[in-house]
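Me: I am new to this structure and want to learn how to read its features one at a time. Please show it first.

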Amino acid sequence: MSEVNLGDAPFTMTIDGKRVEARPGEMVLAAAKRAGIAIPTLCEHKAVESFGSCRLCMVEVTKAAWKGWKGLMTACLYPAAPDLIIETQSERVLHVRRNVLDLLLARCPDSTLIQRLAAEHGVQQTSFSVREQPDLCILCGLCVRICESAATSAISTVKRGHHREIGTPWGGPPPACIGCLACAHVCPTGHITFEEHGATRAIWGRSFELQRCAECGAPLPITVEQASFLVERQALDASYFSRCESCQRRATAQTFGRLARWQKLGLTQEPDARQEGGKR
Amino acid sequence: MAETAQARFASVEAFLRHAALLKTSPEATQRRVLVCLGTGCMASGAREVAAALERALAALPAERRVALNLCMKKTGCHGFCEKGPLVVLWPEATFYKGVKPKDVPELVERGIVGGEVIERLLYVDPKTGKPVEKYGAIDFYARQTRIAMRNIGLMDPANLDDYLLRDGYQALAKVLAGWSPEQVLKEIEQAKLRGRGGGGFDAGRKWRSCKSAKGTPRYLICNGDEGDPGAFMDRSLMEGDPHGVIEGMAIAAFALETREGTIYVRQEYPLAVEHLERAIADARARGLLGERILGTDFSFDIQIARGGGAFVCGESSALMRSVEGKVGEPRAKYVHATDKGLWDKPTVLNNVETFVNVPRIVEKGAAWYASIGTARSKGTKAFALTGKVKNTGLVEVEMGTSLREIIFGAGGGMLVDGPKGAFKAVQTGGPSGGCLPESLLDLPVDFDSLTDAGSMMGSGGMIVMDHSTCMVDVARYFLSFLTDESCGKCVPCREGLYQMYRILSRIAEGQGTEADLAKIEDLSQAVAVGSLCALGKSGPTPVLSTLRYFRHEYEAHIKEKRCPAGVCKALITYSIDTSACDGCGACLAACASDAITGTPKKGETFQINTLQCDKCGACAAVCKRGAVAIS
């Protein structure tokens, strides 16, 4: 993503007065993280591409090469470059951050994550009008992006502006959903909820059967749809998800036990190994 | 149609021969009846007028028709939509406005056949009160310099030969006859053409950086997603001069050495889509688009992508996502579109008006173009002049023309007489532009002067306001538009503009405090620097500019709980001035909430029950004696 070809050699830049090493193609946020400099984020996750929507990771960038030009940039999307001077705590940065958190607190007053972050920035209570019937969704879009990259694009953002929300096709249960829970897992505020009872899992208004162990019948932590999706996408053996963890462990132990017995008898190979083949 | 049936031009020479022949053909010297069929005139009944004219002209005896050497042309928008439907006789340039189908027989008999001037259909100059006959003598047109809109209204946009008669595709032929792509690039750079879509970025520089970026193919996009309420420059250009857009794009494509172009048009512009599709098909059929244009090695084609009408899709990165079939949301521009744009390939995106200027620059030279305008803004700019001025419509003037010249020259001055009708502010730059006060009327209009004054050029919206407009209400209106049109991706724009709207509403309702003013200023700064794209970054401009120039009005709302313009409902009361009331009873009939009491009788007067009154203003609107007072 870098603007100019920087080659492969690492280079240095300054973050909060500290010389920090960065690699070509890397974003400012990644370099800062590696150097142990904390920049708050809400819409960033290592499993998906940066999005730049929460604006919390804004930093003040000074470009020496551009006669000291200064600007506020999102660290998650701004490409690291040699000799950049980055300030993560300047007054302008903190001003935007405070306002963003104040606004999010008005949107999601019950989110403990937002409450904590806001308090860290001196915002104990929102100074804006609190949304009517607030929920915990901060619209970071992580769920949508993880569904796109790791699953089936079953959900999307819908509507515009203040009416924007995370939605499903025509507001109904999303037909493409495989119940993998990736969305719920990445949701930073716990807005996306699901339920699991016995061998069924419910999310987004849909109910999924969990894959069962072929040996003991116990439910696996994966839905039938998810199993077949992963088998197809990763080109796995169809029986890949057929045993639960303890049955798998037992089967492995039994195999080792058998092998040990035969080795004691001086045999190098299990006589019926070929019939056993095919399982992992 | 005849022209599509004609053969492809096999070479540049064949094209030039045809164009030269056309100029000596009977068509070139025909008298023309130009009927405007732009969207505005169509809405006021131009289609019926055109049909009646067609019938009346066809009914003339054959030898008469031949002797008159007449043809009727359905043209694009003349820009003076307010006075439509418009009919212009050419070359004598007689300008008729407000023509109705019932006027057609007289128009044909006396006006066209008889050669008389029909006075009652002429435009009346509001300053002198006298009718004006000639197109060019009307202030609205006389004060304009038309480069981008040079062809609109004077030809049939659906007829390629008509475009050729106006020197169409000459610039493309000139380029193909021996220019190098580098030469075209240099020409545009030297002309200092800046993008007309809003940002005013140097077009030559944009083309240059796209060309030096890594990756192929390169893409060319024309942004026809004009979203500013009240602005219709680009629509008129696409409707009225589609070949001009195509030619400009083809020249750009030649410079960039790209084969693929896209015009992004909003679906709400059906006529623009229709005319562009037609023009593209015609140009292809004649060898002016497609494979091996005019027999040279240059190939280029254009497809049309239709937008759903989201304001944010006029933002270039959102537009590109929309073309790709994704949700139209902007993305950070730390990596420029010229490096990674459409499908992550180097892309040049310019707006319609920018492309239309290109053939003229090639034709007349960069030096000519650069001689027009101001030091840093060259050429002309089209504005959609609306609001409380006498002449509303499309005005194209040289860069550096003062606001006063536009509003009081071409615009003909303020619409309403008296103190209430006096000039108060002009809003430029569309919904996220700013309001400028009377003290800045002599500001020469260009990209930089408007930005310095706290507003912006935008795509060229210009709304004139008088003293019946409340600036708090104006800021609140634009904020409500932007709140709805924000895509909602980033927090400052989505939540920030909404909260600004809430604060403004409080002030307009008389619930505002001085702390609110400080709060909205503080938040405005955060939204302006913190937002992801230009929509959010410029979103606070209506608030900041009105605070800068009309702070006293905010203060009147807050401290005195008073709306000086008499607009904000919560802060005004209606009453009847008994000395002026003659008891006609018009207000009684107009009131929908039974708030007016009294008997309609000479000598009687009426009262308004303020508790019952819902402040709709209907009584004030119907009172002929101005007896309804607002305080």
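**Reading the model**

Reply: Begin with A:W170, which sits in the loop between β7 (165-167) and α5 (182-186) of chain A. Helices (H or I, at least four residues) and strands (E, at least two) are DSSP runs, numbered from the N terminus. This is a predicted model, in which local features need pLDDT of at least 70 and side-chain atom pairs count only at pLDDT 80 or more, while totals for chains, interfaces and linings use all residues. Residues are numbered from 1 along each chain as its sequence is written, chains are lettered from A and ligands numbered from 1 in the order in which they are written, and side-chain values use heavy atoms, with hydrogens and water left out.

Me: What is the phi of A:W170?

Reply: Most residues other than glycine have a negative phi. A:W170 is not a glycine, yet its phi is positive, about 55°.

Me: Is A:W170 buried or exposed?

Reply: Buried means under 20% relative accessible area, exposed over 50%, and partly exposed in between (1.4 Å probe, protein chains only). A:W170 has 86% relative accessibility and therefore counts as exposed.

Me: Where is B:K615 found, and what is its phi?

Reply: B:K615 belongs to the loop between β18 (607-608) and α28 (618-622) of chain B. Its phi is also positive, near 60°, in a residue other than glycine. At 18% relative accessibility, B:K615 counts as buried.

Me: Which peptide bonds are cis?

Reply: Most peptide bonds are trans. In chain B, a cis bond joins B:G84 and B:P85, with omega about -5°. B:P85 is in the loop between β2 (70-75) and β3 (87-90). The bond from B:W90 to B:P91 is cis too, with omega near 10°, and B:P91 lies in the loop between β3 and β4 (94-96) of chain B.

Me: How do I read the length of a helix, such as α22 of chain B?

Reply: Compare its span with the expected one, 1.5 Å times one less than its number of residues. Helix α22 of chain B (residues 491-508) has 18 residues and reaches 25 Å from first C-alpha to last, close to the expected 26 Å. Since 15 of those 18 residues are buried, α22(B) is largely enclosed by the rest of the structure. After α22(B) comes B:G510, with a positive phi near 80°.

Me: What is A:T74 in contact with?

Reply: Contact means heavy atoms within 4.5 Å. Setting aside neighbours within four places in sequence, A:T74 touches A:R55, A:C57, A:M58 and B:Y334. A:T74 is in strand β4 (residues 69-74) of chain A, and at 0% relative accessibility it counts as buried.

Me: How many helices and strands does chain B have, and how compact is it?

Reply: Chain B has 28 helices and 19 strands. Its radius of gyration is 27 Å, close to the 25 Å that the globule rule gives for 631 residues, so chain B is as compact as a globular protein of that length. The radius is taken over C-alpha atoms, and the rule is 2.2 Å times the number of residues to the power 0.38. Along its principal axes the C-alpha trace of chain B spans about 80 × 65 × 40 Å. Buried residues account for 60% of the 631. Of the contacts in chain B between residues at least 6 apart in sequence, 70% join residues at least 24 apart.
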